[in-house]
Amino acid sequence: MKRRGRGIACMWYPIGFTVSANPSAAVVKVNEDGTATLLTGTVETGQGSLTILAQIVAEELGIATDDVHVVSADTDTTPMDTGAIASRTTYVTGNAARLAAEKAKKILFEVAAPLLGVKPEHLEVGDHKIRIKGFPQRSLHIGDVAERARGVNGDPPIGSASFNPATAALDAETGQGKPFATYVYATQIAEVEVDDETGEVEVLRIAASHDCGTPINPMLVEGQVEGGISMGVGFALEEEILFDATGRQINPNLTNYIMPTSLDMPKVEVDIVDSYDPTGPFGAKGVGEPTCVPTAAAILNAIHDAVGVRVTSLPATAEKVYAALKAKRAQEGKRLGAGA
Amino acid sequence: MDRHDTEDKKSAVVERKTPGDALGEMLRAPAAAPLVPTPLETLVPEARQQTPAVRQRATRPDARLHGLGQTKYIDDMYFPGMLYAKIKRAGIASARVLRVDTSEAEKMPGVIAVVTGRDVPCNSFGPSLKDQPVLAGERVFHAGDGVAAVAAVTEQIAAEALEKITVEYEPLTPVLDPLVSLGLETPGVHAPSPNIYGHKVIKKGDVEKGFAASHRIFEASYRTQMVEHVPLEPHCSIAMWDANGRVTIYTTLGRITLGRADLARTLAVPMSRIRIIATVVGGNFGGKNEITTEPVVALLAKKTGRPVKCTYTRPEEFISSTTRHPIVMDYKTGVTKEGRILARTIRLVLEGGAYCSWSETTLAKACILSPGPYDIENIHAEAFVVYTNKTMTGAMRGFGAPQVCFAYESHMDDIAKALDIDPLEIRLRNALREGSLSPTGQQLQSVVVRDTLLQAAQRFGWSGDGAAS
Amino acid sequence: MKAFEVVSARDARHAVALLAERAAKAKVKVLAGGTDLMADLKFASSSHAPDVLIDISRAQELRNISVTDEGLSIGALVTHTEIMRSPIVRDLFPALVDAAHTIGAVQTRNLGTLGGNLVTAVPSVDSGPTLVALDAHVTLLGPAGTRSMPLADFFVGPRKTALKPDELLVDIRIPRENLGKPAAFLKFGLRKGQALALVNVAASFWVDWGTPAFVAPRIALGAVAPKVIHATTAEAYLDGRAIDPDAMAEAGRLAVGDAKPINDFRASAEYRRDLIAVLTRRVLEGAFRLAQAKRLEKK
Amino acid sequence: MATVTLTLNGDVRTASVPPETTLLRLLREEFGLTGSKLGCDVGDCGACTVIVDGKSVNSCLMLAVQADGRDVVTIEGLATMSRLHPLQQLFEDKGSLQCGFCGPGVIMSAKALLDENPDPSEQEIRDALAGNLCRCTGYSKMIEAIQAVARDGRGEPAKSAV
């Protein structure tokens, strides 16, 4: 018989390295037409981090994402970056990119201020313009200002900056300290169906609520959550590198290493929780890794809810769930027998 | 007779032309090269063209190239004269290397160069401990270790050359279980270095006092497995030197800064003479955070004076790249009648496999996160990481967090059930709040764990009576 | 892949002639859909690699599905997708459609052929149990002509068949008397997509509606012995017995005794045994549901 | 060497290759069509999926000579100079791809599905993609995009990125 169950799991996860410095640097150049170029040493490995960085730079300069071209991943041409690791790119590289854009913007404000007849601190950007706070109709196109900065003032609007998350060393004895600048939080709830005659588990759906601070790009955040959950489903139910008695892998291929296919994935419903971290770029934290953290726990709790067995080792393969069910029935049978 | 099933087999009829005539030449021209569609207006206002930019559901500029098949991944790159490298894998988990004979391979037509561990100027690297060789030296530490590498004019010749390389081993007894490795009497995997190569402790409050005050105490053990990142794109790198002794390396590395440092060390070449260009990477998940084939292709390229490329086969992705740490996790938790956690002790044993790699980070994160997103006054968490003669574990999405979350959340549900408290409710009662002190005593800000619990519960339709609505 | 020669056969006779000519002097393999063979060759050491592939994929006469006086004939080169889409097969044997659907994924089902699947003869061959449960015969073409044998005997052991080096599997036939015999197939794998069977089971029987009772029951088990086997004890038990849930459950338990499952990295023998009991009962239930539906349809 | 002549994305092409050359290598190395990817080389991952005579196949499992005389469509054959294929457009709009390595194969599988079944159910879409492994996306946004293309094909307004 198929039995349904639901399981909940929440988690916390830090952004960046544990205590150790993990800086990023960035260079932003505003072009004479009001577009911009970002130089970053990070690498696009699929997450969409370059799009996120373009959005951050665009926001800081009051231009559109499409106006920012990103040059990345070359030790000869791009500034150092600790890299695509530890869910750190939005927060750490994002902060560096925002700071670099801010510096370029400062140069533009210095150029624009006398033209608009105010002090630089009275200026803001928006909609491709540099404008007076409170008097948006008094404005200059950012491209015109950039062109003037180069051609008249001789001070091209280029900014460079670096950022390293604020941490404090842990006490060697007690581990007390500030290992990370910030953390994100999440909850996932899974609904499963367990075949109590075979132990087969089908994950029917997962509701996921994730904190990433400000979602720079909600669509990409959803993509991260959906992808992380698929990795979590594999971790929970299917995937395992197996070794023979001599220490050689038994299943080093995609035929026998079982990862989720489209038929194995449940419906995933993603929500992004309201959150703002003042230390992140525009309040953003990050989202890459934590998306796969609570999935297995939620599924295993749902299995427990469905059929009353607690599987304590992963993956909870059908055979493992079945063995637990069998043991439970044997136990109950004994108890019944003893009572009779 | 029913021939219905096969009738619609239409195959395009092609007029065959003898190669050599004009049409034949045209047919051969590599003109199938893809066209580049001119960008079209999209059906909706382009989020990418909006201001403000943040919070926009902007499409990715690279998405169009991906969808057209025009993204140049590293395997799509070719340089004139490029050679293909393959690496011979040990296939034995622990052994002394007595002799590596590459002479038969070197004699093969099409084989241009062979290198072994002896050819590596500095044969050790690693993000923290420098315990990993580029190619095995005197010892093999796990079955996926490389023992020699071949550069040949085709991948197939390189693969066949590997069969001609003979290696003589003195087999040693492998250590395959982390708990065995933890025992002091076990011979060290990297003797004389101890098997325990990392240790972390978090102490907060007084757990004994907390347990003494507890209504009930729960204990449980959990264990997780070794898993692989499975990026769809295998690891790959291409190296080429110029006449000034400067090397350019294209690679699928997610961290070029560290990669350059590791290459400078292993190749004994100044950093200013190394250029690393990371290509568009087809999936990482932590598995492409350190060098693998890069020093090997650099050495072969130097030896041959030609560009050299090495791409992992899918089996190599499993046996020779990093994996996720299996962890053995013991939990003990004291709670009040209302389910408030008063004290928690945790012991974690992480299996590091043959090399340290990113174990220190994983160890620390697992240990710090192991109490869960809960406000707990008294905590004692201790974590060890040990060597075994298995595939090395390293950075993988979550750095130990999915493992400990599985443990603390399974444990939480069992406590809730024993105390007859709704699983959502017990979490809400214990969740970290704005300003809570973390296990390391850090005052936390922008804490929204309760918000995520409530939001997910609402989306799911969680109700306290046990039924999903 | 190691270098080899590819010779294209025009038709089955040509392929057999090529086999006779080449097999004496070189290591020869027959290439049909290639889904198993090509994957094997990719990482084969040079000592195991063949010198010549005889490509039979253009032998059009092996691509037919037809009903003749002898029964249902499925050409060896019919792909799994073609089986799934065939109105004849869908009508007569939905279990064959179900079995084909569990093989690989769309791409491999589009390439992979029924003949290839059977000739590869892994113990978990998904095409096997339903055909064995329907008493299918295979037709083998050799230099001296054709011979026919029950599919159950064609399978000899893991990756071993009764095919001689100079023979070609040309078609698979389900005898006329079994046309429309209710049958069901179930496979239990480690995931839903692209799964390999831990156990696969098929059952077929006619129903004597008077009782109702099992007539000519057949149960075939895959992945639980060196080859696909009949669960003979269970079959004998059911023959003539009244159809009820207890009988089906008991047949499941008896089928366990007919199997010799092994422990491997995919599953333990113990688990496989328990799965046999469950799956056997379920395919019997499934075949009976189908029989009932067919009966209603006729009325 | 074996001579292979095929219709490739609508054009007749020919090449001489060693007989053991797979269709995938023919496409990538002889014709420079690198959109089809090698991810496992044994038919598990689907990154090499192309359409041969209207059916999706793993081009790593097919010999080039077996494609002789056939009609082959690759990812490079979907767009025109002025128009993306609807699948390419919707995969872009929905953020369906992340690292993108599996993308061409997935889109070819989706195309083969929609060519035969313009109105697939979600289950049929999942079944059609089961031969294309993806590690980044969990498949959700791919399925959404394919559903959107199917909706559009039925004359309903295409819902794009919201």
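**Entry 1: chains A and B**

I began where chain A meets chain B: the contact takes 104 residues from chain A and 100 residues from chain B. I noted at once that this is a predicted model.

Which elements of chain A each supply at least two residues to the side that touches chain B? I listed β1 (2-14), α1 (49-61), β9 (183-195), β10 (201-210), α4 (218-237), β11 (267-272) and α5 (295-307). β1(A) gives the most to this side, with 8 residues. I then sorted the side of chain A that touches chain B by class. It has 48 nonpolar, 36 polar and 20 charged residues.

**Entry 2: chains C and A**

Next I looked up the contact of chain C with chain A. Here 12 residues come from chain C and 14 residues from chain A. On the side of chain C, the largest share comes from helix α12 (residues 269-298), with 3 residues. By class, I found 7 nonpolar, 3 polar and 2 charged residues on that side of chain C.

**Entry 3: a strand in chain B**

I turned to strand β14 (residues 341-353) of chain B. Why is β14(B) called largely enclosed by the rest of the structure? It is because 12 of its 13 residues are buried. I used the cut-off for burial here: a residue is buried if 20 or more other C-beta atoms lie within 10 Å of its own.

I then looked up the partners of β14(B). Strand β13 (residues 327-335) of chain B pairs with β14(B) in the antiparallel sense, over 9 bridges. One bridge I checked joins B:G334 to B:A343 in β14(B). β13(B) and β14(B) form a hairpin, with 5 residues between them. In the turn I found B:G339, which has a positive phi of about 90°.

Strand β15 (residues 378-387) of chain B is also a partner of β14(B). Those two pair in the parallel sense, over 10 bridges. B:T345 stands opposite B:H380 in β15(B).

**Entry 4: domains and a sheet in chain C**

I went back to chain C for its domains. Chain C is divided into domain 1 (5-55), domain 2 (60-178) and domain 3 (183-298). The centres of domain 1 and domain 3 of chain C, taken over C-alpha atoms, are separated by 36 Å.

Then I traced a sheet in chain C. It is open and has 4 strands, in the order β11-β12-β13-β14, with antiparallel pairing. Which strands stand at the edges? They are β11 (183-189) and β14 (229-230) of chain C. Each has a single partner strand, so one side of each is left without a neighbour in the sheet.

I counted the links inside the sheet next. Strand β12 (residues 197-208) of chain C is joined to strand β13 (residues 213-222) of chain C by 8 bridges, and the two run antiparallel. C:A203 stands opposite C:I219 in β13(C).

Helix α5 (residues 94-101) of chain C lies across β11 and β12 of chain C. α5(C) runs at about 15° to β11(C).

**Entry 5: chain D as a whole**

How many helices and strands does chain D have? I found 5 helices and 5 strands. From the N terminus on, the elements of chain D run β-β-α-β-β-β-α-α-α-α.

Along its principal axes, the C-alpha trace of chain D spans about 50 × 30 × 25 Å. Buried residues make up 71% of the 162 residues in chain D. I also looked at contacts in chain D between residues at least 6 apart in sequence. Of these, 58% join residues at least 24 apart.

**Entry 6: the two domains of chain D**

Last, I looked up the domain assignment of chain D. It gives domain 1 (2-76) and domain 2 (86-153). Their centres, taken over C-alpha atoms, are separated by 21 Å. The contact takes 16 residues from domain 1 of chain D and 13 residues from domain 2 of chain D.

On the side of domain 1 that touches domain 2, β3 (49-52) and β4 (55-58) of chain D are the elements that give two or more residues. The largest share of that side comes from β3(D), with 3 residues. By class, that side of domain 1 of chain D has 6 nonpolar, 7 polar and 3 charged residues.

How values were computed:
Residues are numbered from 1 along each chain as its sequence is written. Chains are lettered from A and ligands numbered from 1 in the order in which they are written. This is a predicted model: local features need pLDDT of at least 70, side-chain atom pairs count only at pLDDT 80 or more; totals for chains, interfaces and linings use all residues. Domain bounds come from an automatic or database domain assignment. Two strands pair if DSSP finds at least two bridges between them. Two residues are in contact if their C-beta atoms, placed from the backbone, lie within 7 Å. Axes are lines fitted to C-alpha atoms, for helices over the stretch in contact, and angles run from 0 to 180 degrees between N-to-C directions. Ala, Val, Leu, Ile, Met, Phe, Trp, Tyr, Cys and Pro count as nonpolar, Asp, Glu, Lys and Arg as charged, and the others, Gly among them, as polar.
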